[in-house]
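Okay, thanks for having me, everyone. Let me put the structure up and then walk you through it.

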Amino acid sequence: MKSYPNIRHLGSDFKKLNNMNKISWQSPSNIALVKYWGKHGVQLPSNPSLSFTLNNCHTTTELQWEAGDGNIDLLFDGQRKERFTARARDYISSIASIFPFLKEYNLHIDSTNNFPHSAGIASSASAMSSLALCLCSMEYEVTGKTLTEEEFYQKASNIARLGSGSAARSVYGGYVSWGKSDKIPGSSDEYATPLPMEINESFKDIRDTILIVDQGIKVVSSRAGHKLMDRHPYAQQRFARANKNFNDLTKALQEGDDPNFIRIVEQEALGLHALMMSSTPGYILLKANTLNIIHRIRAFRDLSCTTLCFTLDAGPNVHLLYHGSDSAEVEEFITEELLLYCSDKYRIDDHIGNGPEKV
Ligand code: DP6
């Protein structure tokens, strides 16, 4: 059985307040290196994706329950937000057949992000994974249903996926895959799997500095973005390429192969935006300063001894990826040449992390 050293307890350390019980999980966001873009059925991915889980950017969700009739209320960053409450209600009713006990309780969900919305970091990954972990812990507390550690996380990943695809990967730390792949034994479209192969030492200390180019809200939601792949003229080529990139990247991570890592990761980032630009309607989420930063990174890489590269999410902000051993040189480059392209010189420093923790 796999062990998840960062997880202290799966159950039984929940708090009981009179007739109310509560449990809390802190779960990080993740950054995809091979992107999930396009889905079918009930939140099933059209290709396998691969990410690493961040360490610093996380959501803490506290779930309280008491005997009741299925009422749900939600606080997000300490405030009642109708849109989020409606989304949580829809989500919880969509998983009612998996957790039939939920209808006998009233739920109070209190979710807090430690990074701003405007940062363009996938907050649905951390939010939905922390909620899914709380629901799985609650199941154990109220029904006594015991699962092995491996089963618990697999279930949490499956439940998280139903809320947001990328959240399936945030249930684990390190490098994580999601989606059926011949290269990953036991992999599935329904839940994520931590990469089972030994990762080269150099990639175990990977950094992600997020340069915030624009703090505006997304012009297209990822849900709508995925939908555009349903009738995208390049969809089949994209899914074939993603499979190849997935296989090649797992190899590069094992071998410590920087040139192939850079080639694949940057191709995935630009490919994601190329798909958005060539869909109908087409979206341009890149800003002029996104491109300025990308040009600077490539020029810097040619001149320096570092292997600095970039990835992008479905937005204009740039994720700088580099080895911990290059951090002094990269830091100088960021402060001297890149911060001027950022909104209010705004950046977030993060790195690969161990995954969620019960708090
Ligand atoms: C570009 O997981 O946010 O970040 O399943 O509709 O909630 P939904 O989509 P979401 O999509 C993430 C897309 C991406 C790439 C990735 O994280 O793999």
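So, when I say "domain" here, I mean bounds that come from an automatic or database domain assignment. And keep in mind that this is a predicted model. With that, the chain splits into domain 1, residues 22–198, and domain 2, residues 202–351.

How far apart do the C-alpha centres of the two domains lie? The answer is 24 Å. The contact draws on 36 residues from domain 1 and 44 residues from domain 2. Together the two domains bury about 3,400 Å² between them, with carbon and sulfur atoms giving 64% of that. If you want names to look for, take Leu-33, Lys-35 and Trp-37: they supply 24% of what domain 1 buries against domain 2, more than any other three residues.

Okay, on to the inside. The largest nonpolar core has 40 residues, and the ones touching the most other members are Leu-63, Tyr-91, Leu-107 and Leu-135. Which helix gives the most to this core? That's H2, residues 123–143, with eight residues. Let's zoom in on Tyr-91. Leaving out residues up to four places away in sequence, Tyr-91 touches Met-128, Leu-131, Ala-132 and Leu-135, and also Ile-159, Ala-160, Leu-162 and Gly-163. There's a second, separate core too, with 31 residues, including Ile-31, Ile-210, Leu-249 and Phe-261.

Of its 21 residues, 17 are buried, so the rest of the structure largely encloses H2. Its length checks out as well: the end C-alpha atoms are 30 Å apart, and 30 Å is what 21 residues should span at 1.5 Å a residue.

Last stop, helix H9, residues 288–303. H9 has 16 residues and reaches 23 Å between its first and last C-alpha, close to the expected 22 Å. Which residues of H9 are buried? They are Thr-290, Ile-293, Ile-294, Ile-297, Phe-300 and Arg-301. Looking down the axis, those buried residues fall within an arc of 130°, so they line one face of H9. That spacing is worth a reminder: an α-helix has 3.6 residues a turn, so residues three or four places apart point the same way. Over on the other side of H9, Ala-288, His-295, Asp-302 and Leu-303 are exposed. And what covers the buried residues? The cover includes helices H8 and H10, plus strands S11, S12 and S13.

That's it from me, happy to take questions.

Technical notes:
Residues are numbered from 1 along each chain as its sequence is written. This is a predicted model: local features need pLDDT of at least 70, side-chain atom pairs count only at pLDDT 80 or more; totals for chains, interfaces and linings use all residues. Side-chain values use heavy atoms; hydrogens and water are left out. Helices (H or I, at least four residues) and strands (E, at least two) are DSSP runs, numbered from the N terminus. The expected span of a helix is 1.5 Å times one less than its number of residues. Buried means under 20% relative accessible area, exposed over 50%, partly exposed in between (1.4 Å probe, protein chains only). The arc is that of the directions from the helix axis to the C-beta atoms. Contact means heavy atoms within 4.5 Å. A nonpolar core is a set of buried Ala, Val, Leu, Ile, Met, Phe, Trp, Tyr and Cys residues joined through side-chain atoms within 4.5 Å. Buried area is the accessible area (1.4 Å probe) that two parts lose on being put together, summed over both.
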